[in-house]
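Hi there,

Here is the structure I promised to pass on to you. Please have a look at it first, and then read my notes below.

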Amino acid sequence: MPITPTPKIWMNGELVDWADANIHILTHTLHYGTGVFEGIRAYETADGPAVFRLTEHIERLHNSAKIVGFEIPYTVEELIAATKATVASTGLDACYIRPIAYLGYGEMGLNTLPCTIDVAIACWPWGAYLGDDAVTKGVRMKISSWTRHDHNTMPPASKTTGNYVNSSLAKVEALKAGYDEAIMLAPNGLVAECTGENIFVDRHDILLTPPLSAGALEGITQHSVMTIARDLGYDVRVDNIARSDLYIADEAFVCGTAAEVSSVNSVDDREIPCPGPKTTAIAETYARAVRGQEDRYKDWCELVG
Ligand code: PPE
């Protein structure tokens with residue numbers, strides 16, 4: 001999706017002009033995929049722009065780095081302040097936010113230990129990730145021929161830049177075959193997640209979503225959705241799901257910061273009732289929660305100003 005520039009990008013403690021936020025061609029992460037990143041959204045609320053669950057996203061950024069073995073040279077508090085300053089500098093009410101910590105210029109080779117660690121935060125306007133009608137019409141999903149990486153190959157719990165080669169292979173394969181998005185299976189054949197979203201299925205009146213151990217990222221939207229679903233009175237469980245659970249689901253949806261809550265209308269051409277009543281209720285509540293319109297979830301909206 002094309003990027004619309006905004007005035008400033010935060011780089012190592014300073015807000016620099018968008019056009020000047022450049023790095024050297026020999027930046028370590030460009031060659032070896034060693035960076036970690038986040039995807040966050042800010043929404044317009046009655047009290048001004050607010051970043052949805054900013055603290056949890058920055059904590060996960062720190063954890064992603066910990067998993068791959070480096071330490072981000074800015075505290076969680078410093079990066080929260082930096083994110084808010086970056087959003088404020090755009091003048092936008094709502095935007096997508098991309099913090100990235102990467103191994104910088106100065107060292108080459110696979111020993112990451114001597115590398116410098118740089119951090120940047122960029123924001124830009126980003127619309128519906130899986131299409132404007134993803135809630136009502138739903139997305140067509142395909143099980144990927146690509147397997148989600150094993151925990152001992154590339155830890156899927158870390159949002160490492162290099163991990164996303166796997167997601168891109170699956171996404172492009174699905175698009176070329178005429179589908180909207182791919183579902184990734186773990187090496188043991190169980191459902192892990194999608195290329196950039198977690199997945200939920202409803203069967204026997206229980207909403208199920210796969211755990212981190214199945215190769216899923218511990219999604220912050222997944223957590224928000226589980227909270228909302230339980231508050232709506234639904235039975236929600238984190239448990240393994242098999243490919244056939246998808247085919248005969250009563251309803252299914254995917255969720256993520258970029259995709260928000262999007263219904264699934266079919267998996268491998270097996271139709272799923274869409275949009276299901278639970279999906280609709282959850283998607284509507286989520287859309288209000290991120291905009292500070294649900295009192296019980298107001299703490300999730302971290303005001304920029
Ligand atoms: N799984 C994967 C693999 C993933 O990339 C995301 C977010 C999620 C699950 C959902 O996580 P959360 O955002 O915390 O609910 N994907 C981000 C990047 C998408 C992109 O194209 O880049 C996002 O949604 O921002």
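What follows goes through the pockets, the cavities and the salt bridges.

Please keep in mind that this is a predicted model, in which local features need pLDDT of at least 70, side-chain atom pairs count only at pLDDT 80 or more, and totals for chains, interfaces and linings use all residues. Residues are numbered from 1 along each chain as its sequence is written, and side-chain values use heavy atoms, with hydrogens and water left out.

Pockets

The largest pocket has a volume of about 1,200 Å³. (A pocket here is an open set of points on a 1 Å grid over the protein atoms alone, with protein on both sides within 12 Å along at least five of seven lines; a cavity is a set of points where a 1.4 Å probe fits but cannot get out; lining residues have an atom within 4 Å of a point. Grid points are joined across faces, edges and corners, and a volume is the space filled by probe spheres set on the points.) Its lining has 46 residues, and Phe37, Tyr96, Arg98, Trp124 and Trp126 are the closest to its centre. By class, 24 of the lining residues are nonpolar, 15 polar and seven charged (Ala, Val, Leu, Ile, Met, Phe, Trp, Tyr, Cys and Pro count as nonpolar, Asp, Glu, Lys and Arg as charged, and the others, Gly among them, as polar). Domain 1 (8–124) and domain 2 (134–289) each give at least three residues to this lining; the domain bounds come from an automatic or database domain assignment.

The second largest pocket has a volume of about 380 Å³. Of its 18 lining residues, Arg60, Leu212, Glu218, Gly219 and Ile220 are the closest to the centre. Helix α2 gives the most to this lining, with five residues (helices are DSSP runs of H or I with at least four residues, strands are runs of E with at least two, and both are numbered from the N terminus). Here, too, domain 1 and domain 2 each contribute at least three residues.

Cavities

There are two cavities of 30 Å³ or more. The largest cavity has a volume of about 80 Å³, and its lining has three nonpolar, four polar and three charged residues. The second largest cavity has a volume of about 30 Å³. Strand β4 supplies the largest share of its lining, three residues, and both domain 1 and domain 2 provide at least three.

Salt bridges

The whole structure holds 14 salt bridges (a side-chain nitrogen of Lys or Arg within 4 Å of a carboxyl oxygen of Asp or Glu). In one of them, Lys278 meets Asp202 at 2.9 Å, N to O. Lys278 lies in helix α7 and Asp202 in strand β11, so this pair ties together parts that are 76 residues apart in sequence. Both Lys278 and Asp202 are buried (buried is under 20% relative accessible area, exposed over 50%, partly exposed in between, with a 1.4 Å probe and protein chains only).

Asp245 and Arg203 also form a salt bridge, at 2.9 Å, N to O. Asp245 is in helix α6 and Arg203 in strand β11, so the pair joins parts 42 residues apart in sequence. Asp245 is buried, at 17% relative accessible area, and Arg203 is buried at 18%.

Best wishes
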